[in-house]
Amino acid sequence: MKHITCIEDLRQVHRRKVPKAFFDYADRGSYAEETLRANVDDLQQIKFRQRILVDVSKRDLSTSILGEPAALPLILAPVGLTGMQFGDGEIHACRAAHAANIPYTLSTMSICSIEDVAANVDKPFWFQLYVMKDRGFIKALIERAIAAKCSALVLTVDLQVIGQRHADIKNGMTVPPEWTLSKLVDFATKPAWVSGVLRGKRRTFGNLAGHLKGTDDITALGTWIATQFDTTLNWKDVEWIRSIWPGKLVLKGILDVEDAEEAVKTGAQAMVVSNHGGRQLDGAPSSIEVLPEIADAVGSQMEILFDGGIRSGQDVMRALALGAKSCMIGRAYIHGLGAYGGPGVAKAIDLIAKELSVTMGLCGVNKIAEIDDHVIAV
């Protein structure tokens, strides 16, 4: 990996090594992908003030996230089907995050279950929750996260209606994959991926398999999932979740100041300014476009996390400068995982950390707490 210089390098290796359906699942967005592109493009439009002759010999990336020490202001975001990018992918990603001393978030739609990950790592991780119509199952899922000693619950609030992802439809994206001639040819050219996934603990949704009484049939499970995202989800449901979950709560998917002000009232410890990586409402603003006004409105009352378009340490710096306390990455670490497994995730984290350190130095900043809008060129 010595010639890997950036996240895009990892992305290109990921694209070569993983079947198209699973690469596209991670890489693409909804509808025309306007918001997906805006997340990246709008970040890159933000320019820095280069400062000179400042002593930056003692740069320190360490910070705190939800009151816990972290080596840098970065969190691995929840990503569904991580274990189909690389066998036991959730476990490998969690281990890489813990080795880097940053949080890892396991998705409800993971391949490895909560229990699989908990049994194979040494420290607590965060768990992301989708609220489904079957509230008995959701209560049980929260209780499983409690039993696994998860240190935070990340409630995703922007998936009551699922945005159509054209690439998934065109690719016939299913778990396990449907066997078509084109898929067989694709898989045959990627033997390392096939052997890795076959060695993994599971090839279906680990947190959901076995829930349907009397069957583990994947078709029945897929049908159940498709009908379970709840369009009635509302703020009162957050109260219900808080009545079950005793720990730190993060609301993920805030993109509007009015919603941010409501989120403060829930008593949650943090919110994630996010548009679901451009995978939901196409035509919504980029995450970075709305971050400053949300941070100004509620940043003194609630920890503001940022998600959407982070591909470099420079992007982390931009989000911190505009009001975020830390950033989530999804695609960036998934590209590393698909490319090289756990070491690829570690490489993605290291690339971002080193880029952030260099950017701080060239902007005359030594500590994360010193980063504010004064580092932005106007």
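Author: Start with a cut-off: buried means under 20% relative accessible area, exposed means over 50%, and partly exposed lies in between. Keep in mind that this is a predicted model.

Reader: Why is His276 called buried?

Author: Its relative accessible area is 9%. The limit for buried is under 20%. His276 therefore counts as buried. The residue sits in the loop between strand S8 (270-273) and H13.

Reader: What makes the backbone of His276 stand out?

Author: His276 has a positive phi of about 65°, although it is not a glycine. Most residues other than glycine have a negative phi.

Reader: Which residue just after H4 takes a positive phi?

Author: Asn101, with a phi of about 60°. Asn101 is not a glycine either. Its place is the loop between H4 and S4.

Reader: Why is Asn101 called partly exposed?

Author: Its relative accessibility is 35%.

Reader: What makes helix H4 "mostly covered"?

Author: Count the residues. Helix H4 spans residues 89-99, and eight of its 11 residues are buried. Those are Gly89, Glu90, Ile91, Ala93, Cys94, Ala96, Ala97 and His98.

Reader: What covers the buried residues of H4?

Author: The cover includes strand S3 (74-76), strand S4 (105-106) and helix H5 (114-120). Helix H15 (331-340) and helix H16 (342-362) are also part of the cover.

Reader: How do you know that Glu68 and Lys248 form a salt bridge?

Author: The rule asks for a side-chain nitrogen of Lys or Arg within 4 Å of a carboxyl oxygen of Asp or Glu. For Glu68 and Lys248 the N to O distance is 3.5 Å. The pair passes. Glu68 lies in strand S2 (residues 68-70) and Lys248 in strand S7 (residues 248-254), so the bridge ties together parts that are 180 residues apart in sequence.

Reader: What makes Arg135 and Asp230 a salt bridge?

Author: Their side chains meet at 2.5 Å, N to O. The cut-off is within 4 Å. Arg135 lies in helix H6 (residues 135-147), and Asp230 in the loop between helix H10 (218-226) and helix H11 (235-244), so parts 95 residues apart in sequence are tied together. Asp230 is buried, because its relative accessible area is 7%.

Reader: Why are Lys190 and Asp186 called buried?

Author: Lys190 has 11% relative accessibility, so Lys190 counts as buried. Asp186 has a relative accessible area of 18%, so Asp186 is buried as well. The two form a salt bridge, with their closest N and O atoms 2.5 Å apart.

Reader: How many salt bridges are there by this rule?

Author: The count comes to 15. Glu8, Arg11 and Asp27 are linked in a network of salt bridges.

Reader: Where does negative charge gather on the surface?

Author: In a patch that includes Asp256, Glu258, Glu289, Glu293 and Asp373. Helix H12 (257-265) and helix H13 (287-298) each give two or more residues to the patch.

Reader: Why is Lys236 called exposed?

Author: Its relative accessibility is 66%. Exposed means over 50%. Lys236 therefore counts as exposed. Its place is in helix H11.

How values were computed
Residues are numbered from 1 along each chain as its sequence is written. This is a predicted model: local features need pLDDT of at least 70, side-chain atom pairs count only at pLDDT 80 or more; totals for chains, interfaces and linings use all residues. Side-chain values use heavy atoms; hydrogens and water are left out. Buried means under 20% relative accessible area, exposed over 50%, partly exposed in between (1.4 Å probe, protein chains only). Helices (H or I, at least four residues) and strands (E, at least two) are DSSP runs, numbered from the N terminus. Contact means heavy atoms within 4.5 Å. Patches are made of residues with over 30% relative accessible area and no salt bridge: like charges are joined within 9 Å, nonpolar side chains (Val, Leu, Ile, Met, Phe, Trp, Tyr) within 5 Å. Accessible areas come from the Shrake-Rupley method with a 1.4 Å probe; for residues, only the protein chains shown count as cover. Lys and Arg count as positive and Asp and Glu as negative; His and the chain ends are not counted. The place of a charge is taken as NZ of Lys, CZ of Arg, CG of Asp or CD of Glu.
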